[in-house]
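Hi,

Here is the structure I promised to pass on to you. My notes on its pocket and its cores follow below.

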Amino acid sequence: MDVKKQLAEEFGIKEEYCSNIVDLLDEGDTVPFIARYRKEMHGATDDQVIRAVSERYDYLKGLQKRKDEIRAAIEAQGKWTDELAVALENAKTLTEAEDVYRPYKQKKKTRASVAIERGLEPLADIIEAQELTSYGDELTAPYIDAEKNVPDAAAAIAGACDIIAERISDDAAVRKSLRDFTLETGRLVASELTSNAAKTDAEKAAEAEKKKIYETYFKFDEAVAAVPSHRVLAVNRGEKENCLKVGVTVDDVQAIGMIAAVKKKSSAFDELINKTIQDSYDRLIKPSLEREVRTELFDLASEQSIKP
């Protein structure tokens with residue numbers, strides 16, 4: 001969609017006025033200048049609306065720039081496809097764009113990358129396809145190689161499942177659905193951070209005094225979708241000062257069920273796939289999405305705290 005048209009629709013401004021605001025911003029004019037001295041070009045649009053348009057325009061420009069970078073990076077790998085073009089075009093946020101790029105991003109060594117180095121990717125393909133109704137030793141025999149640290153069938157299957165777990169975690173559609181689920185139903189929780197480290201009486205007294213500020217949050221539990229910005233900032237400060245343990249919780253059973261609904265079929269690999277989905281969620285998806293959601297909450301809260 002044309003950026004000017006998109007902004008006009010998002011803010012309910014006439015397209016002509018929105019186009020003029022964008023042009024003035026591109027020329028380097030400031031929001032106060034546009035609001036005060038160019039009223040005839042934007043129909044006397046409120047300065048707060050113009051500021052919001054400016055901020056959103058900056059975001060959309062950054063989003064397009066990042067999309068261009070992602071496309072160039074994937075094309076350089078020779079892996080660009082029409083499907084990726086559609087997925088990247090449909091990405092509405094930087095996070096969603098990064099989800100598209102995630103499977104192609106150069107990663108540090110992971111359990112999956114080690115398994116791929118050991119030649120287990122073809123086995124992962126077979127298991128992930130879930131097309132067999134039975135299997136025996138012949139499935140893993142070609143992949144057993146002591147020199148590659150794959151001494152037996154169990155090691156081969158474990159490595160293949162590590163590959164599948166990372167693929168599930170890298171699936172943009174899975175991540176988006178679980179991120180939306182977390183934002184809609186998740187809870188921001190906090191509790192008192194306790195330490196077993198030996199302390200002097202003076203240190204204990206100082207710690208107790210510092211924690212008094214955050215006593216209100218020792219049993220904190222509030223919906224992610226509704227938590228006020230000042231509480232987000234408060235629990236973050238408490239965590240930074242080692243007074244609070246903070247996290248985001250969701251219905252894990254429902255989240256895992258969402259993954260299984262799109263990743264699991266009836267086959268001889270039912271138990272393996274169930275365990276792999278659980279591992280992918282616990283080890284890769286859940287910690288990552290918790291960081292993303294908390295970052296989004298903090299950024300929004302910080303932005304609201306400085307608005308007049």
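The largest pocket in this predicted model has a volume of about 770 Å³. A pocket here is an open set of points on a 1 Å grid over the protein atoms alone, where a 1.4 Å probe fits, with protein on both sides within 12 Å along at least five of seven lines; lining residues have an atom within 4 Å of a point. The volume is the space filled by probe spheres set on the points, which are joined across faces, edges and corners.

Of its 21 lining residues, Tyr59, Thr93, Glu296, Asp299 and Glu303 are the closest to the centre. Helix 16 (270-306) gives the largest share, seven residues (helices are DSSP runs of H or I, at least four residues, numbered from the N terminus). By class, the lining has 11 charged, seven nonpolar and three polar residues.

Now to the cores. The largest nonpolar core has 30 residues; such a core joins buried Ala, Val, Leu, Ile, Met, Phe, Trp, Tyr and Cys residues through side-chain atoms within 4.5 Å, buried being under 20% relative accessible area with a 1.4 Å probe, protein chains only. Leu123 and Tyr281 are among those with the most contacts inside it. Helix 11 (153-170) gives the most to this core, seven residues. A second, separate core of 24 residues includes Leu25 and Leu88.

Residues are numbered from 1 along each chain as its sequence is written, and side-chain values use heavy atoms, without hydrogens and water. Local features need pLDDT of at least 70 and side-chain atom pairs 80 or more, while totals for chains, interfaces and linings use all residues.

Best wishes

Key: Helices (H or I, at least four residues) and strands (E, at least two) are DSSP runs, numbered from the N terminus. Ala, Val, Leu, Ile, Met, Phe, Trp, Tyr, Cys and Pro count as nonpolar, Asp, Glu, Lys and Arg as charged, and the others, Gly among them, as polar. Buried means under 20% relative accessible area, exposed over 50%, partly exposed in between (1.4 Å probe, protein chains only).
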